[in-house]
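Here are a few quick notes to go with the model, for when you open it up.

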Amino acid sequence: MTLLETVVIAFWAMLPAYVPNNAAVLAGGGQPIDGGRTWGDERVLGDGKTWRGTAAGIAAGLALAGVLTLLADDVGAALGFAVPAFEPLAALGLAAGAMLGDILASFLKRRTGRQRGAMFPGLDQLDFVVVSLPLTALLATEWFLEWFTWDVILVVVVLTPVLHVTTNVVAYNLGLKDEPW
Ligand code: CTP
Ligand code: K
Ligand code: MG
């Protein structure tokens with residue numbers, strides 16, 4: 001595989017995990033998942049993790065996976081190398097894993113005294129990778145092993161923070177997000 005192929009496959013394969021966070025920002029609001037409950041002096045998760053945002057995020061990831069699956073053959077033919085079509089369980093692992101990773105990150109932020117919206121460098125950029133990849137490996141093992149080769153995983157780990165920082169700065173400047181991280 002050339003580096004370009006690896007980058008394209010990594011980006012394509014991760015799109016259903018990338019889009020949920022952005023959809024959650026757009027759709028967020030309403031009932032917080034933790035129902036306002038605290039653990040110690042802090043909220044369990046905080047007002048930034050809502051049922052509506054989470055559901056919208058997972059739905060957006062699944063919908064995008066569906067669209068990419070319809071396009072995969074044509075795009076692969078045009079590019080000259082195959083890009084992944086998503087099995088349903090792979091799509092679920094990526095989309096739900098991304099939201100779960102984000103939720104776990106908020107849990108860790110509250111336990112370490114960080115208020116809603118505070119940044120946690122490293123965790124903010126990779127929380128969804130850390131959960132979505134293992135969950136996908138668990139739910140759709142053969143599909144995962146076919147597409148997430150070590151070089152693809154390496155590109156994901158390097159590319160994701162760059163894309164995350166870029167999209168958040170853009171969303172912040174468009175007034176869609178309260179903080180640029
Ligand atoms: N959001 C949501 N539900 C989620 C994730 C995000 O409703 N599961 C919405 C919330 O409105 C949230 C916004 O998207 O404020 C930005 O998401 P994020 O940066 O992840 O949350 P923060 O507000 O920064 O909260 P935290 O400090 O807990 O990460
Ligand atoms: K976050
Ligand atoms: Mg935030």
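This is a predicted model: local features need pLDDT of at least 70, side-chain atom pairs count only at pLDDT 80 or more; totals for chains, interfaces and linings use all residues.

1. Of the 19 residues around ligand 1, the ones that come nearest are Lys49, Thr50, Ser106, Arg116 and Gly117.

2. Which helices supply at least two residues each to that shell? They are helix 1 (3-27), helix 2 (51-79) and helix 3 (88-111). Helix 3 gives the most, with four residues.

3. Now for some polar atoms to look at. A polar side-chain atom of arginine 116 sits 2.7 Å from an oxygen atom of ligand 1. An N or O atom in the side chain of lysine 109 is 3.0 Å from an oxygen atom of the ligand. With glycine 48 the backbone takes part: one of its polar backbone atoms is 3.1 Å from a nitrogen atom of ligand 1. Taken alone, ligand 1 exposes 560 Å², and the protein buries 90% of that.

4. Where does ligand 1 sit? It takes up the space of the largest pocket, which holds about 910 Å³.

5. The pocket's lining runs to 39 residues, and Asn21, Val25, Lys49, Asp102 and Lys177 lie nearest the centre. By class, the lining divides into 14 nonpolar, 14 polar and eleven charged residues.

6. On the helix side, helix 1 has the largest share of this lining, with eight residues. Helix 2, helix 3, helix 4 (123-139) and helix 6 (150-173) are also among those supplying at least two residues each.

Notes:
Residues are numbered from 1 along each chain as its sequence is written. Chains are lettered from A and ligands numbered from 1 in the order in which they are written. Side-chain values use heavy atoms; hydrogens and water are left out. A residue is near a molecule or strand if one of its heavy atoms lies within 4 Å of it. A polar contact is a pair of N or O atoms within 3.5 Å; within protein, one must be able to donate a hydrogen and the other to accept it, and residues adjacent in sequence count only if both atoms are side-chain atoms. Accessible areas come from the Shrake-Rupley method with a 1.4 Å probe; for residues, only the protein chains shown count as cover. On a 1 Å grid over the protein atoms alone, a cavity is a set of points where a 1.4 Å probe fits but cannot get out, and a pocket is an open set with protein on both sides within 12 Å along at least five of seven lines; lining residues have an atom within 4 Å of a point. A molecule sits in a cavity or pocket if more than half of its atoms lie within 2 Å of its grid points. Grid points are joined across faces, edges and corners, and a volume is the space filled by probe spheres set on the points. Ala, Val, Leu, Ile, Met, Phe, Trp, Tyr, Cys and Pro count as nonpolar, Asp, Glu, Lys and Arg as charged, and the others, Gly among them, as polar.
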